[in-house]
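Hi,

Here is the structure I promised to pass on. Have a look at it first, and then read on for what turned up.

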Amino acid sequence: MDPSASKHLVVVGGGMVAQRLVEALRDRDAAGAWRITVLAEEPRRPYDRVALTSYFSGRDAEDLALGDPALWHDPLVTLVRDDKVVTIDRAARTVTTGRGRVEHYDHLVLATGSSAWVPPIEGADLPGVFVYRTIDDVAELRGYVEAMGQGKVVRGAVLGGGLLGLEAAGALQALGAQTTVLQVGTHLMSAQVDLGGGEALRRLINGLGVGVRLNAATTRIRPHRRGGVGRLDLADGGRLDADVVVIAAGVRPRDELARDAGLEIGARGGVVVDDTCLTSDPAISGVGEVACIQGACIGLVAPGYAMAEVTADRLLGGAAQFPGADTATKLKLSGVDVASFGDAFGQTPGALEIVWADPVAGVYKKLVMSDDARTLLGGVLVGDASAYASLRPMLGRELPGDPAAYLLPEGTGGAPDLELPDDAGVCSCNNVSAGAVRGAVTEQGCTDLGAVKACTKAGTSCGSCLPLVKKLVTGELTKQGITVSSALCEHFALSRAQLYDAIRVSGVRSFTEVVERFGTRQGARGCDICKPAIGSILATTAPAHVLEGERAALQDTNDHVMANLQKDGSYSVVPRIPGGEVTPAGLIAIGSVAEDFGLYTKITGGQRIDLFGARIDQLPLIWQRLVDAGFESGHAYGKSLRTVKSCVGSTWCRFGVQDSVALAVLLELRYRGLRSPHKIKLGVSGCARECAEARGKDVGVIATDKGWNLYVGGNGGFTPRHAQLLAEDLDTETLIRTIDRFLLYYVRTADRLQRTAPWVDDVEGGLDGVRAVVLEDSLGIAADLDAQMARHVLEYEDEWKATLEDPEKLRRFASFVNAPEVADPSLAYVPERGQVRPATADERDEAREAQLRGEPVLVAGSTLEVRR
């Protein structure tokens, strides 16, 4: 084809919607009727702006690039980067860039998107104030926080509690910043969820360690005396200390080119387009966030993609029209599940709302139904959005059975499986139906999720539809008798269980060796999925200190310093107290340490004593005292054995029939340090009265007159599960051998971060399948499991004791890299109930004002203590 014979399409803007337009046009334009020039302001090819937050978890800019790079080598496609269009000459049909480039067009598409709106707040231009819109924005933010956070806790504030604001808060938290979200309205994500959902979301966000202030309007950002941001003043008279501020208060369409060119502009901005995406000039179209379509600018990628498809179709002589906006949204923040779709606020006349809420578990679910309670109109899911992918495609369709059943937790025997019709939309971003996904498998030979994504583009944008796409792919493959891939992540084609066996058999001992031997991308640095998973696997297949060599880089946040990070930037210390049994001398030693270091003490639910408020530089000093007193690490920070809870049993209790304390101590000392896919808790009760709550544990043991009953698969958390009876009346030796095998079978075969309750369900045959392996040796691995547990017991080493003996490892424990002897000045505490707790922001402000006035530093009648 001769490019010079083609008409010229100029696209202004190089974002996600521009990418989709070029892809759609080239896919359909086999004759080469159009050659395309994309004029991009940013210095890189189009990237996934929806996934910006993942940039903070180790991904680089290139990882976010969209589509096949070959698109930009197409002879009919030209991508001009880092050159902003400054004028449009409609009469001459030309555009001019900032570098003087002039392009003539036969048709022009405006895809300039939107920009972050910065409210007119005094101090918004200070160093340390950022927006959250582009890769350059987040790269600058990351660099600023990392530079400031050398040896101190950075205090972050996010202005805006919407979708983007919460993702920005997650990014700050990922960088180790102590973060507070300031929302002007009554609840978070007010554009997507109702008040009930917003309150549930607030509790979940708080649970991640992110503070939330509602009805909090910022009136001024004050500078710090050393420069940069220092404090925020609020409209209600309150204040908030901050070192970095991210403004996520909304976006505004970038319609300045359209305005200057005399095109019609919407009442609230944006270039007005009709349902064919044409502006008031028939030679110019508008797509994406800059387009005011059907009276509104829509800040979501799915409607933008739909506009791109319409425009491509129209350029090739089609008759497509904009189908309306799919405003379904899903929050992309680790640890928080939120989704909203359809008529989430029940504004349809006669609509019925069905609500199920569990405040303790942090779950709020609502379905909006037609007046006959049959047709799904919308929904809000907070805390558990697992039903989102299946329910959203059913919008406007009748739900089979009782709608309330779709809101109940798993395991309640409620909702029937939804068999989506072929015309049901699965991926709204890319307009992919269930039939298209099935067809990719049955007609085009796609045999895994990656191939289906490449073929249909389903799941390649925001990714929220991937669970449903995977379910459809798995269903079709199963019908054809094809084994389904269960790859751990993009860096490994193996599942966690397969990778565990591969590492164990091969004897590799480092992450680098694992990548070279079994990875799909040689030299890869790994990701936040595979690195901690492999770290956990190596801990049992090739035991070494958690901070040894490159293993330190594989660990989750708390494992890096072998302590749990707290909300104020201090750490907690949890010595092991096997079975809850501790001598008076041990209690005195713990109390002495707590008193000397000014730590807050609390008895935990696992019968231990937690010491809160330790600075990072104090951790070795504290642990030296505890180790000298005979204590060792309680592994409260690790995915490993936490505690073995027990009652007093037959030693003291008149109802006890077995010595539960002795057994609990034996089990805790046996399994201490055993790394696993998730944390493990055990319980031992000395009689059927079950005072140790053993049936709520991963492994529960209850004494009988004949021995011990063994229960497995009990979990707390969001989805509590009672443990199930695995075996009855076992003697102690058989009991221990059975627990050994159960735990190691779980460690070897469970998925990443899978707890024992769902793992038991997933094992072929369920509980009976587990019983066959650990009691009947159905797989012939019992001797291997026994030997591995014996090695674990023999080779166990206390991590803190080993650290204290290694000067190189001790170098990690300093408040400031350049001045390790300087303590963190940001830690401040006030007395409460005879101990100290972290001071609130208001208490810090009150104390600071008192200091400035030369008055005693008192907060509500108590002395504010600043830790030095």
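A word on labels before we start: strands are DSSP runs of at least two residues marked E, and they are numbered from the N terminus. Keep in mind, too, that this is a predicted model.

Let's begin with Ser 685, which sits in strand E34, a stretch covering residues 680-685. Is this serine buried or exposed? Its relative accessible area is 0%, so Ser 685 counts as buried. Its side chain has polar partners: there is a 2.6 Å polar contact with the side chain of Glu 690, and a polar atom of the Ser 685 side chain lies 3.1 Å from the backbone nitrogen of Ala 692. Leaving aside residues up to four places away in sequence, Ser 685 also touches a set of others, including Cys 647, Ser 660, Val 701 and Trp 708.

Next, helix H19, residues 766-776. Eight of its 11 residues are buried, so the helix is mostly covered. Among the buried ones are Leu 767, Val 770, Arg 771 and Val 774. What do the buried residues of H19 pack against? They meet strands E36 (707-712) and E37 (724-730), along with helices H17 (732-749) and H18 (756-762).

Searching the whole structure gives one cavity of 30 Å³ or more. The largest cavity holds about 60 Å³ of space. It is lined by 13 residues, and Met 562, Ala 563, Ser 572, Val 574 and Tyr 637 are the closest to its centre. Sorted by class, that lining has eight nonpolar and five polar residues, with no charged ones.

Finally, the salt bridges, of which the structure holds 47. A few to look up:

- Arg 99 and Asp 82 pair through their side chains at 3.1 Å, N to O. They are 17 residues apart, with Arg 99 in the loop between strands E5 and E6 and Asp 82 in the loop between E3 and E4. Arg 99 is exposed at 62% relative accessibility, while Asp 82 is partly exposed at 37%.
- Arg 101 bridges to Glu 103, with 2.7 Å between the closest N and O atoms. Arg 101 is partly exposed at 33%, and Glu 103 is buried at 12%.
- Arg 259 meets Asp 255 at 3.0 Å, N to O. Arg 259 is partly exposed at 46%, whereas Asp 255 is buried at 7%.

Cheers

Definitions and conventions: Residues numbered from 1 in each chain as written. Predicted model: local features only at pLDDT ≥ 70, side-chain atom pairs only at ≥ 80, totals over all residues. Heavy atoms only, no water. Helix = DSSP H or I, 4+ residues; strand = E, 2+ residues; numbered from the N terminus. Buried < 20%, exposed > 50% of the residue type's maximum accessible area, 1.4 Å probe, protein only. Polar contact = N/O pair within 3.5 Å; in protein donor to acceptor, adjacent residues only side chain to side chain. Contact = heavy atoms within 4.5 Å. 1 Å grid on protein atoms, 1.4 Å probe; cavity = no way out; pocket = protein on both sides within 12 Å on 5 of 7 lines; lining within 4 Å. Points joined across faces, edges and corners; volume = space filled by probe spheres on them. Nonpolar A, V, L, I, M, F, W, Y, C, P; charged D, E, K, R; others polar. Salt bridge = Lys/Arg side-chain N within 4 Å of Asp/Glu carboxyl O.
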